[in-house]
Amino acid sequence: MDNHSRIKILEESLCNQIAAGEVVERPASVVKELLENSIDAGADEIIVELESGGSRLIRVSDNGQGMNRQDVFLCLERHSTSKIRKAEDLFALTTLGFRGEALASIASVSRFRLRSCAADDGLGQEILVEGGTVRKAEEVGMARGTLVEARNLFFNLPARRKFLRREQTELGHCADVVTKQALSHPAISFRLRHNGRSILELRREKGLAERVAALLGRSLLSEMQVLEINDEAAGIGLHGLLGQPTLNRSASSHIYTFINGRYIRDRVVQHSIMDGYRHLLMKGRFPVVVLFLEIAPDKVDVNVHPTKHEVRFREQAMVHDFIAASLQHQLKPAAWVNPVTQDLSAEHPHSASAPVSRNIAENQVQTPLIHEPFAPVYRSSVALENETAPAEVSFDGINCSSTTSGAAEVREQIAEQNRYFSNLRYLGQYRNSYLLCQDGDDLLLIDQHAAHERIGFESLKKSFARGEIEQQCLLFPEMLDLDFRSAQALTEHLEDLARLGFDVEPFGGKSFALKAVPQLLAAGDNARLIVDIALELEQTGSSGGLIDKLDAVLILMACHSVIRANQALDPREARALLEQLDRVDFKANCPHGRPVLQRLRLAEIERMFRRQ
Ligand code: ADP
Ligand code: MG
């Protein structure tokens, strides 16, 4: 008989590795923990140095309060923290860290060095740890502050090291972490270096606006407004910067939300923001927002998961409605809002066909870009006209093997088939968004935006395939500022963009000058298109050329060149659109896959009226 207990208490170092599994996922998670510690230590200058996307080296140094000799040893013990003492403290947290397991975890999965000095005597303590085992400890001369180094992350856990992505991807995640901390701590200077090269240099700033300008681009700032709302009675407050609706993105990556100073990506908060922008953005578009929610610590549990950015609110509905209402309140009266009710037929100040350099901010105030002028659309239709010689009429849907029809008959059939939309009886436009047409006895509803998107997309694809995308130089280059990740993605694809007809020139740091654009898009808002393309590239991952991602980019281009919903078309314009539809393939759906056309059969209509 086996009398030994099968249950064993795990060894400390193994516990740490297990904990590390939760806390340390990739270099960016180490950067996050170390930055939080530096911030908690009251530093106002933090330097992050990385090598090979952080997998070779992560080093964070700060000028915070430091640790004395004793604490340098203690801080590596699991559950060692100076931030909470008793359970109640958990509900009144003002610091970013509190679990006391970050350093122990990081030290257990890397070659780790910690060096800290708490006094002004210039004498500090250094400790070297390898995979959780202390190798060396000695006194070193240093100024007050702390330096933490993690080399060869997961060197002792090859299975986890395998999961690290390529250098640029990991670097991108690290830069994200720095960006988020930098946004919530404008008074701290942050520097990020990679392989000896400076990536971010952020000096101490007076406030959020200056920090946003330094991080996301000054031009962006001119399209944002300050929000500051407090409800003392409810114990909740909101402040930050709201982008005007025209400053929108194709992904939610520019919605930065913080709860009590901590970056959080929460479903409820996200939803409430979209609610605040309801009716102001097109479907699938997201605002640019930097928002800080302040709420009594006992009304929110941030302790749900060690790294996931989820929270739990005690009064979820109250928080949701407070945010949504605050945003709506702020966005409603602004001069640039309310595109839905704007007089669409008004003369567009930028409809002149010669592209001019435009101050984005000034442009937005007068004309939300949701309403592209009709001029560029019409121009694109002219381009289409030239390119569609009868010889290339598509054969789809025609049974060419049919032996019963003579050649002339087939041609006729094709011709008829390809005049399907032109032959429809156009009845009128419904809600400035749908064309009503009659096909025999059926009633057709055609989504004008979807239709035109498909037309633009197919035509772009054709001209691109033929290497015939015509370029138009801009009279004045348009300047654009991007954030780090987008700038990185764009820089990698400048040559590809040139093949698409864009001449984008790096202008130092995260700035670019847009000098020429594809002819088809000449009158659109190209700076914004480039921002969208960069975001698309960033999200589809940067491996492989733009050409692989061509469809996504062409869809974006098409989307920017076309008639929007909510645009009045006169019958002539409506018919021109129908005729263009006849000339493209895949006309049943827009390139996003939404249907272009819905059909109501006479029988269905009669049933509705009980006539059957
Ligand atoms: P936590 O931050 O949850 O307390 P950590 O493992 O991250 O746990 O850190 C443990 C302790 O080490 C902290 O509570 C703090 O007292 C000390 N410490 C860590 N980093 C620093 C730093 N950069 N400056 C000063 N003290 C630090
Ligand atoms: Mg910590």
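1. Asn-152 sits in the loop that runs between strand 6 (145–151) and helix 5 (158–161); helices (H or I, at least four residues) and strands (E, at least two) are DSSP runs numbered from the N terminus. Its phi is near 45 degrees, a positive value in a residue other than glycine. Asn-152 counts as partly exposed, because its relative accessibility is 24%; buried means under 20% relative accessible area, exposed over 50%, and partly exposed in between (1.4 Å probe, protein chains only).

2. This is a predicted model, in which local features need pLDDT of at least 70 and side-chain atom pairs count only at pLDDT 80 or more, while totals for chains, interfaces and linings use all residues. Residues are numbered from 1 along each chain as its sequence is written, and side-chain values use heavy atoms, with hydrogens and water left out.

3. Arg-610 also has a positive phi, of about 55 degrees, although it is not a glycine. Arg-610 lies in the segment after helix 20 (602–608) and is exposed, at a relative accessible area of 71%.

4. Helix 9 is largely enclosed by the rest of the structure, because seven of its ten residues are buried. The buried residues are Val-268, Val-269, Gln-270, Ser-272, Ile-273, Asp-275 and Gly-276. They pack against strand 12 (255–259), strand 14 (286–287), strand 15 (289–295), strand 17 (312–313) and helix 10, where contact means heavy atoms within 4.5 Å.

5. The axes of helix 9 (residues 267–276) and helix 10 (residues 316–331) come within 8 Å and cross at roughly 30 degrees. Axes are lines fitted to C-alpha atoms, for helices over the stretch in contact, and angles run from 0 to 180 degrees between N-to-C directions. The two helices are therefore roughly parallel to each other (angles under 35 degrees; over 145 is roughly antiparallel, 65 to 115 roughly perpendicular and the rest oblique). Residues making the contact include Val-269 and Ile-273 of helix 9 and Ile-323 and Leu-327 of helix 10.

6. The largest nonpolar core has 63 residues, of which Val-31, Leu-35, Ile-46, Val-48, Phe-112, Phe-190 and Val-212 touch the most other members. Such a core is a set of buried Ala, Val, Leu, Ile, Met, Phe, Trp, Tyr and Cys residues joined through side-chain atoms within 4.5 Å. Helix 6 (residues 167–184) gives the most to this core, with seven residues. Apart from this core lies another, of 34 residues, among them Leu-497, Leu-537, Met-557 and Ala-558.

7. Not counting residues up to four places away in sequence, Leu-35 touches Ile-46, Val-48, Val-60, Val-177, Val-178, Gln-181 and Phe-190.

Terms used: Chains lettered and ligands numbered in written order.
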